[in-house]
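Here is a short briefing to read alongside the structure.

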Amino acid sequence: MKVIIRDNAREGGLWAAHYIASRIREKAARTDKPFVLGLPTGSTPLNTYAELVRMVKAGEISFKNVISFNMDEYAGLPVEHPESYHSFMFKNLFDHIDEPLENIHILNGNAADPAAECAAYERAIEQAGGIDLFLGGIGEDGHIAFNEPFSPLTSRTRLVTLTQDTREVNSRFFGGDPEAVPAQAMSVGVATVMDAREVVILAFGSKKARALASAIEGPMSHYNTVSALQNHPAGIIVCDEAAIGEVKVNSYRYFKAVEAAENRL
C-alpha cells in the first residue's frame with residue numbers, strides 16, 4: 001500500500017486527477033483498448049472531477065476511449081432526482097467531458113429485478129476487460145462504496161441496506177432528514193473493487209482519521225471494509241494532513257520518506 005499525503009483536500013484531489021490522467025495516457029500509448037475506470041460519488045472526489053474537467057477542456061486528456069463504471073446508486077430513487085448518483089455524475093463530470101454516453105455505466109436503482117441488475121453489472125465489467133483503476137472514497141466508519149461494516153470482503157455487486165449512520169451522514173444532501181435518504185442502495189462489492197488493477201482511495205478531513213488509521217495500521221477486517229486495500233498489489237491512499245492525523249508518527253514518516261525517495265528516481 002502506498003499513501004500519498006497532501007496539505008489539504010484540494011491538493012489531494014488534484015494529485016488523484018493527474019494520476020488518473022497519466023494512467024489513461026500510459027495505456028493509450030501501448031494499446032487501442034479502452035481504459036476502464038471505476039468512479040465514486042459524494043463530496044470527496046469533487047476536486048478530482050473538477051480538475052479532470054479542466055484537463056479535458058484544455059485538451060490535456062481525452063475520455064473518448066474511456067469506459068466508466070460507477071460504484072453505487074440509491075435504490076428506488078428516480079434517476080432525475082437531484083440527489084441520485086446519475087444526476088450527481090452528469091452534473092459534476094459527464095456533462096463536461098468527452099466520454100461517449102454508451103461508455104457510461106451506472107447501476108439502475110429502479111430495476112425490477114435488483115439481483116439480475118447487479119449480476120449484469122458484474123458481467124459488463126468483465127466484458128469490458130476488467131477495471132484498470134478504481135477511484136473510491138472512505139466512509140467515517142471505514143466503508144468503501146456502500147459496503148457497510150461487516151460486509152464480506154468477498155462481496156460482489158448487490159443490493160445493500162444502509163446503516164443509520166450512513167443515512168445520517170448523507171442526510172446533508174436530503175435537507176438534513178435521515179429518513180429522506182433511501183434505506184437501500186445497489187453497490188459494487190469489496191471484491192469488485194479489489195479486482196481492479198489499481199485502486200486509489202481518497203480520504204480527506206479529520207472525520208476520516210480514525211477509520212483511515214485503522215485501514216492502514218489495523219488488521220484487515222470486514223468491520224473496516226477499506227482495509228482490504230492492504231492486500232492489493234497496487235493500492236494507493238491519497239489523504240490530507242487532517243485525515244492522516246491518527247496514524248503513528250513513524251508510519252507518517254515512512255510514507256513521506258517513500259514518496260520523497262520515489263520522486264528522486
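The accessible surface of the protein chain comes to about 11,800 Å², and carbon and sulfur atoms account for 52% of that area. Please keep in mind that this is a predicted model. The chain contains 8 helices and 10 strands.

**The chain as a whole**

- The radius of gyration is 18 Å, which agrees with the value near 18 Å that a compact globule of 265 residues would have.
- Along its principal axes, the C-alpha trace spans about 55 × 40 × 35 Å.
- Of the 265 residues in the protein chain, 52% are buried.
- If you take the contacts between residues at least 6 apart in sequence, 78% of them join residues at least 24 apart.

**Strand 2 and its cover**

**The partners of strand 2**

- Strand 2 pairs with strand 3 (residues 66-70) in the parallel sense, over 5 bridges.
- Within this pairing, Leu 39 stands opposite Asn 70 of strand 3.
- To get from strand 2 to strand 3, the chain passes through helix 2 (residues 46-57), making a right-handed β-α-β crossover.
- Strand 2 is also joined to strand 6 by 2 bridges, and these two strands run parallel.
- Gly 38 has Phe 134 in strand 6 as its bridge partner.

**A closer look at Gly 137**

- Gly 137 lies in strand 6, which comprises residues 133-137.
- Is Gly 137 buried or exposed? Its relative accessible area is 18%, and because the cut-off for buried is under 20%, Gly 137 counts as buried.
- Which residues does Gly 137 touch, leaving aside those up to four places away in sequence? They are Pro 40, His 143, Ile 144, Ile 201 and Leu 202.
- Val 226 is 89 residues from Gly 137 along the chain, and the C-alpha atoms of the two are separated by 8.9 Å.

How values were computed:
Residues are numbered from 1 along each chain as its sequence is written. This is a predicted model: local features need pLDDT of at least 70, side-chain atom pairs count only at pLDDT 80 or more; totals for chains, interfaces and linings use all residues. Side-chain values use heavy atoms; hydrogens and water are left out. Helices (H or I, at least four residues) and strands (E, at least two) are DSSP runs, numbered from the N terminus. Buried means under 20% relative accessible area, exposed over 50%, partly exposed in between (1.4 Å probe, protein chains only). Contact means heavy atoms within 4.5 Å. Two strands pair if DSSP finds at least two bridges between them. A crossover is right-handed if, with the strands pointing away from the viewer, the path from the first strand over the helix to the second runs clockwise. The radius of gyration is taken over C-alpha atoms; the globule rule is 2.2 Å times the number of residues to the power 0.38. Accessible areas come from the Shrake-Rupley method with a 1.4 Å probe; for residues, only the protein chains shown count as cover.
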